[in-house]
Amino acid sequence: MSALRSLSLPLLALALAGPAAALTYLVLAPGLAALGAPAGGFDPARMLLLYSDLPRLTTALVAGAALGLSGTLLQQVLRNPLASPTTLGLSAGANLALALATLYAPGLYMFGRDPVALAGSLVAGLLVLGLSARRGFSPITLVLGGLVVGLYCGALASLLTLLNDRYLASLFIWGSGSLQQQDWSVPLSLAPRVAVLAVIAVLLARPLTLLALPDENTRGLGLNTATVRWGGAAIALALAAVVTAAVGVIGFIGLIAPTVARIAGARTFAARLAWSPLIGALLLWFTDAAVTVLSGPLASFVPTGAITAVFGSPLLFLLLPRLRVVDRRPPADRTVRTVRRVNTPLVLAALAAGLVGLAVAAVLVGRATDGGWDAVTASILPYVLDWRLPRVLAALSAGAMLAAAGVILQRLTANDMASPEVIGVSAGATMGLAVSLVLVAAPSVAMQLGFSFTGAALVLALIFLVAGRSGFAPERIVLAGIALNAMLDAFVGLFAAAGDPRALRLLNWMAGSTYGIELTPALTAFGLSVGLVALACLTMRWLDILPLGTATSQSLGIAVKRTRGLLFTAAVGLTAAATLVVGPLSFVGLMAPHIARELGLKRALPQLLGAALCGAALMVIADFIGRNAHFPYQLPAGLLSALVGAPFLMLLLLKRR
Amino acid sequence: MATPDISAAGFEVRGLSYTIDGASILSGLDLTIEPGSVTGLIGHNGSGKSTLVRLLGRQLTPTSGSVSFAGTEVRTWGERAFARSVAYLPQETGATVGLTVRELVGLGRYPWHGPLGRFGPTDHAKVSDAIARCGLEPFAERIVDTLSGGERQRAWIAMTLAQDTGCLLLDEPTSALDIAHQIEVLGLIQRLCREKGMTGVVVLHDVNMAARFCDNIHALKGGRLVASGAPAAIMTPACLAEITGIAMQVMAHPTLGTPVACPG
Amino acid sequence: MTPTDLLSRRGFLAGCAALATAPALAAGPGDAPRIASLDYGLANTAMALGVTPVGLAAAAHWKDWVVEPPLPRSVVDIGRDREVNLELLASLRPELILATPYVQALRSRLEDIAPVLSLAIYTPDGNPLERSYAAARSLGERLGREREARQFLDEADAFLADCAARVARAKPGPALLINFMDSRHARVYGAQGLYQDVLDRIGVTNAWDGPTTYWGFQTIGLEQLATKAGPDTTIIAFEPIPGDVEPTLAQSPLWTQLPPIAEGRYAVLPSVLTFGTVPAALRFAQLFTDHVDPEGRR
């Protein structure tokens with residue numbers, strides 16, 4: 001990246017355009033030759049040049065420019081170097097809308113895909129902007145809102161896809177952004193829309209420039225900040241939506257282009273307004289030309305959008321340190337003057353009793369074969385124990401482990417938004433599983449555990465590197481999680497769009513189904529959870545002190561680095577084991593610690609135990625619903641709990657500050 | 001674990017230098033912190049006073065030179081042994097989400113009971129004593145977050161007191177407080193050190209506060225020691241001009257008699 | 001014309017099914033083994049041999065993907081194939097469970113309920129039609145329906161030979177077989193697929209000679225058809241077709257000027273179970289042959 005700094009912007013543009021043109025020539029050469037010869041009848045080379053290659057090239061340029069412009073506008077109006085159509089969940093929203101329409105209202109497509117996709121991105125965009133407007137578009141709230149909305153849409157879309165796996169490929173093609181064209185309709189409808197929006201953006205350039213100043217100053221200069229902000233955001237949203245509707249989700253171009261422009265020296269907003277679209281256009285052109293040339297020999301279907309996402313998502317990590325994070329003290333909760341006295345042992349005993357009751361009920365009560373409800377009779381008890389007990393045990397253990405990991409991470413980073421799912425440790429574990437699937441045809445359970453542990457540990461090491469320097473600023477850690485989740489999505493998208501059968505297995509893993517678990521592994525998981533949670537309890541004193549800060553912890557005689565390392569390792573172990581069972585999306589690690597605290601369990605030990613019990617109960621409930629709600633079909637417990645967990649995270653976001 | 005005699009131990013600083021990213025923060029510092037006294041560290045922003053107290057408290061590792069406490073170099077002390085001897089209160093304290101005053105103060109007992117030891121009767125007694133000494137009894141069961149700034153700072157000081165050390169290091173303990181609370185907190189520190197015969201080191205912004213509450217003052221400027229001595233020795237127009245870089249006048253406090261400086 | 005019309009009016013399959021069910025009924029209801037199937041294709045074959053499964057994975061969607069023969073209402077839906085409802089399956093007390101290596105992970109649990117017959121049709125080694133024949137024989141053996149299996153496969157051979165003869169008269173050009181994914185993408189069927197094997201048997205050239213996965217298809221952009229669609233190529237698309245595909249394509253010169261489209265050698269045929277077995281092969285053969293030789297329908 002620093003090498004870019006020495007390049008002037010025109011040189012950079014040239015450096016992108018050169019190889020792109022060379023690659024494009026490779027693609028176009030046969031068609032150009034055919035163009036010279038007089039046409040007689042249907043000449044495939046000529047037709048492909050005129051109605052496929054050229055429209056595709058035009059689409060890449062227009063879409064890239066539009067995304068670059070959209071990103072620039074969003075970054076300006078939101079004063080946030082991480083804002084982009086991808087990071088704000090706009091694409092995920094559109095994707096979900098299309099999945100819904102494909103499955104439940106295919107009639108809507110009579111008017112084309114555009115209105116459906118547009119509606120989806122608009123709803124997602126307004127939701128994210130609405131969430132952050134309450135906080136004056138605070139950079140962090142905004143990107144977090146984007147993350148949450150994106151995850152929620154993603155979870156819902158996965159659930160739909162899993163239940164309708166025969167539509168898998170067509171849903172994923174769109175989600176992975178293919179630029180293939182068979183006529184000029186896409187570029188011809190896209191170009192004028194983008195042009196009109198670009199003209200409006202240019203007309204708004206001056207007031208938009210002023211938005212970089214603090215609101216007090218801009219108001220002092222006689223500018224209605226809110227109007228300009230919403231105006232700019234609306235243009236950016238429309239740009240992203242028309243592109244998404246036209247060609248699908250093209251990840252990260254809207255983030256990369258403005259960033260590269262800025263690093264290469266586009267200092268003023270006017271300069272970025274001019275250069276970002278150009279760089280975006282060139283980037284997408286280059287990527288698409290490379291994909292076209294390479295996909296021939298690879299003999300498989302490679303959507304361009306999945307490639308931009310695979311290469312673009314790591315960029316988020318590089319950008320994290322550039323995000324200005326104001327060090328705020330945690331909010332002083334002055335409403336509570338005295339502590340609510342809770343009888344801690346009583347609360348814990350009640351929780352434990354509740355959990356046991358729930359687990360027993362989950363095993364004994366279920367749907368009868370005729371679909372009605374039924375309690376198990378003694379005669380079929382052995383069978384039912386064989387099938388239901390492992391699932392209940394596994395769900396319970398995974399929930400407890402995730403909750404314990406959540407408590408540890410929240411206390412370790414002094415960040416109540418942290419959890420294995422949010423900061424990407426779970427995504428890392430899943431990525432490890434994905435790698436095992438690529439390397440080994442049928443990985444054993446031990447191998448899966450090894451890979452998922454390695455993945456989770458690598459992620460945590462990365463977070464240490466990126467966020468550790470800033471003293472684990474809560475927001476940075478959470479943002480690092482977005483990058484990882486995005487990368488994971490990109491990989492799965494790539495698999496799935498190509499129709500690779502492994503995609504379904506990966507998707508099954510991500511959905512977090514307890515279906516395949518047998519009694520022995522379930523008992524192992526249970527033993528592991530009891531053991532690991534008990535071990536975690538031994539760290540209670542550290543967990544009490546560490547939130548007080550590094551300096552205080554050190555002055556109280558804690559070897560902070562070593563202790564943190566130990567605790568992080570514990571969190572990784574808990575997460576890796578749990579992710580194998582319920583996937584990366586459950587959000588139990590986020591919810592359970594909060595529920596425990598709301599119950600009045602505030603010290604480390606009671607919170608840890610309480611959270612583990614609550615987490616176990618949540619997963620048992622999710623698994624019960626999953627087994628019975630859509631009888632005889634099974635819904636994955638991990639996704640079901642994510643459907644509750646994501647809105648929970650959103651609520652938390654709204655309550656903060 | 002051999003615990004050296006810490007009753008009224010002090011610090012010896014020899015040839016202490018600290019650089020960060022090539023920039024020198026402290027260079028070749030020599031000074032002595034007298035046992036059983038309250039020492040003030042004063043100076044400009046960036047003079048190195050906070051760095052010095054963090055080096056004393058082992059929060060940082062010196063680039064060169066040495067810091068000794070009770071005759072032993074601080075880096076050779078064990079983690080918890082050092083924490084039983086020296087308590088350090090940082091300028092920025094972390095989150096106390098949901099903790100009551102008594103619970104926060106109780107955390108100060110960690111160096112004594114460790115990660116797995118029992119929180120015994122001695123621990124309870126020390127906590128109650130610290131709370132009493134800081135006048136926090138009415139607030140003992142209150143959530144720390146709900147206290148006023150001065151009360152909260154007292155709670156933190158009570159936590160360091162529960163650590164039961166012979167030495168107390170405080171980095172700008174009054175920076176976030178209004179004037180009334182500054183007097184309250186500094187008075188408390190002075191009184192505690194006298195009552196328990198502790199060594200106190202306080203980083204302060206305000207020369208007059210240092211003169212009023214400290215037995216000794218070390219003045220830093222650009223990472224070097226420019227003046228050391230009792231308040232009376234420091235509070236002279238010549239000395240203050242050297243420390244602050246502007247002309248200062250000194251007069252006696254009308255009621256207390258301590259020296260007071262003002263620009264002019 | 002709905003698929004049901006097409007096949008109920010005439011059709012080999014209906015007759016064949018009637019033929020096959022007759023002896024089972026004659027032998028009394030107690031004689032039919034209780035089977036459950038996790039795979040449409042194997043269930044389809046079993047039904048052709050006169051054994052209707054008591055339970056079938058994703059039975060609710062049979063009418064969309066397999067279409068013919070219609071599934072009796074008595075067949076219980078036991079859930080998604082990769083996660084069948086074990087309790088429900090066990091309650092059906094099957095004597096045999098049909099599965100494929102695709103659901104290998106479930107095997108040990110299925111074996112707790114009943115013996116499992118796992119038959120591989122789609123493998124990296126190809127030849128799905130041959131494997132489907134073998135599967136029908138194995139099934140016949142296992143279900144005590146060897147005679148019916150032999151008869152069914154003989155009928156199938158005869159039917160395919162008949163189709164081949166009709167095709168030889170009609171002399172259609174090479175065929176491109178596709179399923180639309182959306183208005184810009186399709187799956188094209190080629191080497192290693194069931195359709196390929198059927199085309200080989202009835203003497204039709206597949207115009208798609210590009211690479212395919214071992215399931216016998218490849219995801220492509222529609223423009224990739226341009227180089228494969230020669231002057232005498234026929235394009236066959238199978239239902240379902242997403243709603244926006246045909247209006248969008250009508251405006252694409254690349255599509256409308258594609259020789260098969262411009263010259264009317266394009267047809268949309270009812271859904272066929274893409275990853276099916278012998279009955280699916282016969283259904284495809286019939287639909288295809290009836291399309292190229294409409295007069296020859298009996």
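1. A contact here means heavy atoms within 4.5 Å. On that basis, residues 24 or more positions apart account for 79% of the contacts in chain A that have a separation of 6 or more. The model is a predicted one. For chain B, the share of such contacts made by residues 24 or more positions apart is 65%.

2. Secondary structure of chain A: 27 helices and two strands. Chain A has 657 residues, and 59% of them are buried. Its exposed surface comes to about 24000 Å², with carbon and sulfur atoms supplying 70% of that area.

3. Chain B contains 10 helices and 12 strands. The radius of gyration of chain B is 18 Å, close to the 18 Å that the globule rule gives for 264 residues, so chain B is as compact as a globular protein of that length. Along the principal axes, the C-alpha atoms of chain B fill a box of roughly 55 × 45 × 35 Å.

4. Of the 264 residues in chain B, 53% count as buried. Chain B exposes about 10300 Å², of which carbon and sulfur atoms supply 54%.

5. On charge, chain B carries 21 positive and 24 negative charges.

6. Cysteines deserve a separate point. A disulfide is a covalent bond between the sulfur atoms of two cysteines.

7. One loop position in chain B is worth a look in the viewer. Ala95(B) sits in the loop between β6 (86-89) and α3 (101-107) of chain B. The C-alpha atom of Ala95(B) is separated by 8.6 Å from that of Asp145(B), a residue 50 positions away along the chain.

Technical notes: Residues numbered from 1 in each chain as written. Chains lettered and ligands numbered in written order. Predicted model: local features only at pLDDT ≥ 70, side-chain atom pairs only at ≥ 80, totals over all residues. Heavy atoms only, no water. Helix = DSSP H or I, 4+ residues; strand = E, 2+ residues; numbered from the N terminus. Rg over C-alpha atoms; globule rule 2.2 N^0.38 Å. Buried < 20%, exposed > 50% of the residue type's maximum accessible area, 1.4 Å probe, protein only. Areas by Shrake-Rupley, 256 points an atom, 1.4 Å probe, with all protein chains shown as cover. Lys, Arg positive; Asp, Glu negative; His and termini not counted. Charge placed at Lys NZ, Arg CZ, Asp CG, Glu CD.
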